[in-house]
Amino acid sequence: MRLLPFDYAVRNLGRSRTRLVLTIMASALVVLLVLTAAAFVRGMANSLVNKSAGNNVILMAAGSEESLERSQIPGSTAGIVAASLPGIKNRFGVTYVSPEIHAAIIVKDDKEGSRSWHAVVRGFLPEASLVHPRASVIQGRMPKPGKDEIMVGGLAAEMMGVPDSRVAIGQSLWFDNRRWNVVGRFTARGTVLDCEIWVPLTDLQVATKRETVSCLVVTLDDAEFADVDAFTKQRFDLGLTAISETDYYASIMKFYQPVHAMVWTTAFLIGLTGLFGGLNTMYAAFAARVRELGMLQSLGFPRRAIMISIIQESLLTSATGTLIGSMLGMLLLNGRAVKFSMGVFQLVVDYRVLLLGVAAGLIMGVLGAMPPAWRCLRLPIIEALKAS
Amino acid sequence: MTDEALVTNRNSDTPSTDRTDVFLAITVTALCANLWRFFMAYIECRNLTRTYTKASTTITPLDGLDLDIEEGSFVALMGPSGSGKTTLLNLIAGIDSPTSGSLMMGAVDVGKLSRSKLALWRSVNIGYIFQLYNLVPVLTAYENVELPLLLRNLSAKDRHKKVAAALELVGIDDRHDHFPRQLSGGQEQRVAIARAIVTDPKIIVADEPTGDLDRASAAEILSLLQQINVELGRTLIMVTHDPKTTKYAGRILHLDKGRLLELESSTASAPGIHP
Ligand SMILES: Nc1ncnc2c1ncn2[C@@H]1O[C@H](COP(=O)(O)OP(=O)(O)OP(=O)(O)O)[C@@H](O)[C@H]1O
Ligand SMILES: [Mg+2]
């Protein structure tokens, strides 16, 4: 099939600056929205997946219904597991078993508690850095036990709703009627750990008046999850249940599925508005060109060739909009912290999110051109030629 | 009675009763008929009817029209407004299809072509000149003329040759890189004429090509069309309102209320002038 020159599509863009700007803005908006929704979902998913820990298993109290905050197991269990569960990762004689406390507590600004915030705290032993290799101290040092010291994750301030300077090294927070000094800052990019405050295990036990821990996080070496599962059943006297860390976070993810659906629906609806706005300007633009399109048909150009030219034209616009939308998305969205009940996560604009946004922009370019173009092209030529 | 006997009986009054002669006569007659058809009438409308139906009203601007147009003729089509001139022209140009009747163009029944075949047929056989030029505003004069050639399998060089020749013929080669908005109405129509002739179509149709032009430009355009008819031998069918324009045409047809009235040769003029 013979096509119209590409130049024709390009020069048609210049016919109305206003329309050009409007359609570019409309497609940039739609792309930005798709990016936002995708970055949100992706960021949330990312934070709930401990990427480095594919072979981590969480051992918690049987009957705690997979809630770490409800789970209580004796601290001594750690030693028993390390000694009797074969196949756990071991380096220089240290077994990768990390007894931890997960708690949501209220921390105060000062002794009087004139201001207070919810915070997620994790009681930890040095083994924690073995099983959570993504967590690393970036400033200051690890807190020492018995000295009322804490270290704060990169997004914890966001989680508490305070400026980051409020939790900088040298600052202090109050809980259990004591002042706790921030001696270190750590980060665990892209995981929920990043919004936590880490407290030495024994100190947190005292502060929360408990002798137990919440769970044991175990990194497996040559053991399989099934081995650990079998172990918990064999040693039912320990009262443990095993869940792989990936599954644990996946189950939390499932809990947030409705949030995702809502995010997508919202983005879809607003995007649709943008699409219709764009369509409307297209209708107007092509309606003014009906006679010309009729003339092209009278010369013998098939409707398909004209449709392709119109789609080229529309794609040029939407591709520009897509470019702008994508750049805005990367600049404005990537890394932006969003707070939700589980913690804080960062929006992620990675290549997959970008790909989705670009695809949405280009598909919109193609589909957006077709109905207005078709409305002009389906007219009989003799009627099109009479249009003013 | 057998067929043989019938033939013999029918020819019994002729001097020769030789059967082979009879067959020869029949064959020659048939051949002549076809030759006549081939040479004489390139466009042949038979019982051509076009009705428009919108909602409950039906309009029939062309009702059982018969018309032959020979190859190489210059026909002016006249008649009052709404008499169906444009309708007839559009049917001949293949941008509209008859409701019934046949429209033979050469050996092709144009009325029976599919939409895509008709588009292809148009691109080869028809050059259309519009009253309002219908140039593409975003393309230069040169590019406008080149447009129909893009439907052909031609190299850029061949296209250039043809476009240059067409622009020269209409006398606008010095304005080839101007956009339509930079040209006068008369110049625009010249470009449109160049676009209509650049593919060497058999038939050029023009719907009131001078309707939007002043007298001087109109005269120039009309002699240009005449030149195309005479020098290039193209069949030209032109709808016009102005009786003066008919002096350029070789044949004048008057269409009124679906009836076709023939006025002889270029010396004739419309009935309005000689009552
Ligand atoms: N698409 C259409 N739908 C309905 N009726 C139509 C259509 N096109 C033409 N007609 C009718 O057909 C009749 C003939 O129209 P046509 O355009 O052929 O007239 P014309 O002789 O070219 O007139 P004019 O000199 O004013 O251009 C008119 O009555 C017109 O209203
Ligand atoms: Mg007309």
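## Close-up views of a predicted model

An oxygen atom of ligand 1 and a polar backbone atom of B:Gly82 are 2.8 Å apart. The legends below describe this site and further parts of the structure, which is a predicted model.

**View 1. Polar contacts of ligand 1 with chain B.** Besides the backbone of B:Gly82, which lies 2.8 Å from a ligand oxygen, two side chains of chain B take part in this view. B:Thr87 places a polar side-chain atom 2.5 Å from an oxygen atom of ligand 1. In B:His241, an N or O atom of the side chain is 3.1 Å from an oxygen atom of the ligand. Ligand 1 on its own would expose 640 Å², of which the protein buries 74%.

**View 2. The shell of residues around ligand 1.** Ligand 1 is situated between chains A and B. The ligand is surrounded by 15 residues, and the closest of them are B:Ser81, B:Gly82, B:Lys85, B:Thr86 and B:Thr87.

View 3. Two elements of chain B, β2 (57-69) and α3 (85-92), each provide at least two residues of the shell around ligand 1. The largest share belongs to α3(B), from which three residues come.

**View 4. The loop that holds A:Phe92.** In chain A, the loop between β3 (90-91) and β4 (94-95) contains A:Phe92. The phi angle of A:Phe92 is near 50°, a positive value in a residue that is not glycine. A:Phe92 counts as exposed because its relative accessibility is 77%, where the cut-off for an exposed residue is over 50%.

View 5. Although A:Asp148 is not a glycine, its phi is positive, at about 55°.

**View 6. The two domains of chain A.** Domain 1 of chain A is made up of residues 6-45 together with 257-386, while domain 2 covers residues 56-219. A distance of 47 Å separates the C-alpha centres of domain 1 and domain 2 of chain A.

How values were computed: Residues are numbered from 1 along each chain as its sequence is written. Chains are lettered from A and ligands numbered from 1 in the order in which they are written. This is a predicted model: local features need pLDDT of at least 70, side-chain atom pairs count only at pLDDT 80 or more; totals for chains, interfaces and linings use all residues. Side-chain values use heavy atoms; hydrogens and water are left out. Domain bounds come from an automatic or database domain assignment. A residue is near a molecule or strand if one of its heavy atoms lies within 4 Å of it. A polar contact is a pair of N or O atoms within 3.5 Å; within protein, one must be able to donate a hydrogen and the other to accept it, and residues adjacent in sequence count only if both atoms are side-chain atoms. Accessible areas come from the Shrake-Rupley method with a 1.4 Å probe; for residues, only the protein chains shown count as cover. Helices (H or I, at least four residues) and strands (E, at least two) are DSSP runs, numbered from the N terminus. Buried means under 20% relative accessible area, exposed over 50%, partly exposed in between (1.4 Å probe, protein chains only).
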